[in-house]
Amino acid sequence: MVTQTRPRIHARSEELVPLILVRAMFGLVALVLLIVTLATLAGREPDSKPPAGKILTERAIHLSGDASGAARVLDASGTLIADFASDKGGFVAGIERVLARERAQSGADMTAPVLLQLREGNRLSLYDPVTGWSAELMGFGATNTRTFARLLDQP
């Protein structure tokens, strides 16, 4: 006679996370959400923004990209600065998608250039004067920052 064993549906109690820890985790999440909500409703500005700093170099560029990761960068006059294949331009194409979404949400001109800026402290950023959107590129890693830094140097 063959006996069938049913698969275990529930874990053994010694394998479970203690209920008090699960409740504490959800309590902390709720507390953080409450603090953020209160700060937002009170109009409190974020404290961790880096200082603006003096602009050392600035260049107006046009970004275009596609979902494959390919991207092109043109200067203000429409001259090609860089053409990234799908395996090299993923970050540039990603930034272009974020910029396009920001502009679409505000109904802004999709063809206007963005400003690639080098600031004091060797900080590189992108600024969209049309929507006010900006991104500090140092937060995306050295390789991605270097990709945009090279665009400032190219003729």
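An open sheet of six strands, ordered β3-β2-β1-β4-β5-β6 with antiparallel pairing, is present in the predicted model; strands (E, at least two residues) and helices (H or I, at least four) are DSSP runs numbered from the N terminus, and two strands pair if DSSP finds at least two bridges between them. The edges are formed by β3 (80-84) and β6 (134-136), each of which pairs on one side only. On average, neighbouring strands of this sheet are turned by 25 degrees against each other, direction ignored. Residues are numbered from 1 along each chain as its sequence is written, and side-chain values use heavy atoms, with hydrogens and water left out. Because the model is predicted, local features need pLDDT of at least 70 and side-chain atom pairs count only at pLDDT 80 or more, whereas totals for chains, interfaces and linings use all residues.

Strand β5 (residues 123-127) pairs with β6 in the antiparallel sense over three bridges, and A135 of β6 is the bridge partner of L126. Helix α2 (residues 90-106) packs on the sheet, touching β1 (55-65), β2 (71-75), β3, β4 (114-119) and β5, and its direction makes about 85 degrees with that of β1. Helix α3 (residues 142-153) lies across β1, β2, β3, β4 and β5 and runs at about 110 degrees to β1. Axes are lines fitted to C-alpha atoms, for helices over the stretch in contact, and angles run from 0 to 180 degrees between N-to-C directions.

The loop between β5 and β6 contains D128, which counts as buried because its relative accessibility is 0% (buried: under 20% relative accessible area, 1.4 Å probe, protein chains only). Leaving aside neighbours within four places in sequence, D128 is in contact (heavy atoms within 4.5 Å) with L99, R103, P113, V114 and W133.

Technical notes. Buried < 20%, exposed > 50% of the residue type's maximum accessible area, 1.4 Å probe, protein only.
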